[in-house]
Amino acid sequence: MIRKLSNKWYAVYTKPRWEKKVHQRFSEKGWETYCPLNKVEKQWSDRIKIVEEPLFKSYVFLRIPEEMANEVRMINGVVNFVYWLGKPAVIRDGDIQKIRRFLNEFTNIQAQPLELAKESRVLIQGGAFMDKKATIKNIRNNKVEVMIESIGFRLIAYIDKSNVSVL
């Protein structure tokens, strides 16, 4: 029996190749969980077979109350929650629905992370320049050098990568 919760979806990071096992363990606890599976053709020497592989490697989505985070971390195969700006990443219901619709319509999909690159336009998501658009001028380790022009000056700021999103 799945408990229908009116809580937020979280992204959970799993051990490599443990996505289906963790999804099963979450389901056994009665938690609402989603492990997007991609149908892929695999070629063996004697046949071609369609197999289901996790779309997002080492990720499973889970809808739980925030207070249950420690219980989730205790499940075998769970590494931790995926964090964004210092807190467990919350996934919008609409995004989960979009993934489900997309997988129903298409097969053999590739999921690639967005990469930050020089001259990319970004939106600053935290700090004094929150919600300002900027241009990436340089990338060093976990910091990006951005140029902010919207305030009438060319300002250069070093901002943590987690505080910018590609436009």
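**Before you click**

This is a predicted model, in which local features need pLDDT of at least 70 and side-chain atom pairs count only at pLDDT 80 or more, while totals for chains, interfaces and linings use all residues. Residues are numbered from 1 along each chain as its sequence is written, and side-chain values use heavy atoms, with hydrogens and water left out.

**Stop 1: the core**

Select Phe26, Trp31, Ile64 and Val72, and show their side chains. These are the residues with the most contacts inside the largest nonpolar core, which has 16 residues. A nonpolar core here is a set of buried Ala, Val, Leu, Ile, Met, Phe, Trp, Tyr and Cys residues joined through side-chain atoms within 4.5 Å. Buried means under 20% relative accessible area, exposed means over 50%, and partly exposed is in between (1.4 Å probe, protein chains only).

Now colour the elements that give two or more residues to this core: strand S1 (9-14), helix H1 (19-28), strand S5 (59-63), helix H2 (69-73) and strand S6 (78-81). The helices (H or I, at least four residues) and strands (E, at least two) are DSSP runs, numbered from the N terminus.

Which residues does Val72 touch, leaving out those up to four places away in sequence? They are Val12, Phe26, Trp31, Leu62, Ile64, Val78 and Phe81. Contact means heavy atoms within 4.5 Å.

**Stop 2: strand S5 and its partners**

Stay with S5. Four of its five residues are buried, so this strand is largely enclosed by the rest of the structure. Two strands count as paired if DSSP finds at least two bridges between them. S1 and S5 run antiparallel and are joined by five bridges; pick Tyr10 and you'll find Leu62 of S5 opposite. Strand S2 (residues 32-34) also pairs with S5 in the antiparallel sense, over three bridges. There, select Tyr34, whose bridge partner in S5 is Phe61.

**Stop 3: the loops around S5**

Go to Ser58, in the loop between S4 and S5. Is Ser58 buried or exposed? With a relative accessible area of 8%, Ser58 is buried. Leaving out residues up to four places away in sequence, Ser58 touches Val12, Tyr13, Thr14, Lys15, Pro16 and Glu19.

Then select Glu66, in the loop between S5 and H2. Glu66 counts as exposed, at 58% relative accessibility. Lys21 sits in helix H1 and is partly exposed, with a relative accessible area of 42%.

**Stop 4: a hairpin and a pocket**

Select strand S3 (residues 37-43) and strand S4 (residues 48-54), which pair in the antiparallel sense over seven bridges. They form a hairpin with four residues between them. To see one of the bridges, pick Asn38 and its partner in S4, Glu53.

Now show a surface on Pro16, Arg17, Glu19, Lys20, Val51, Glu52, Glu53, Pro54, Lys57 and Ser58, the lining of the second largest pocket. S4 gives the most to this lining, with four residues. By class, the lining has three nonpolar, one polar and six charged residues.

**Stop 5: two positive phi values**

Most residues other than glycine have a negative phi. Arg17 has a positive phi of about 65° although it is not a glycine. Look for Arg17 in the loop between S1 and H1; it is exposed, with a relative accessible area of 74%.

Glu119 also has a positive phi, near 70°. Find Glu119 in the loop between helix H3 (93-105) and S10, where it counts as partly exposed at 49% relative accessibility.

**Last stop: strand S10**

Select strand S10 (residues 121-124): Val122 and Ile124 make up the covered face, and Arg121 and Leu123 the uncovered one. S10 pairs with strand S11 (residues 133-140) in the antiparallel sense over three bridges, and Arg121 stands opposite Thr135 in S11. Three bridges also join S10 to strand S14 (residues 164-166), again antiparallel. There, the bridge partner of Leu123 is Ser165.

Terms used: On a 1 Å grid over the protein atoms alone, a cavity is a set of points where a 1.4 Å probe fits but cannot get out, and a pocket is an open set with protein on both sides within 12 Å along at least five of seven lines; lining residues have an atom within 4 Å of a point. Ala, Val, Leu, Ile, Met, Phe, Trp, Tyr, Cys and Pro count as nonpolar, Asp, Glu, Lys and Arg as charged, and the others, Gly among them, as polar.
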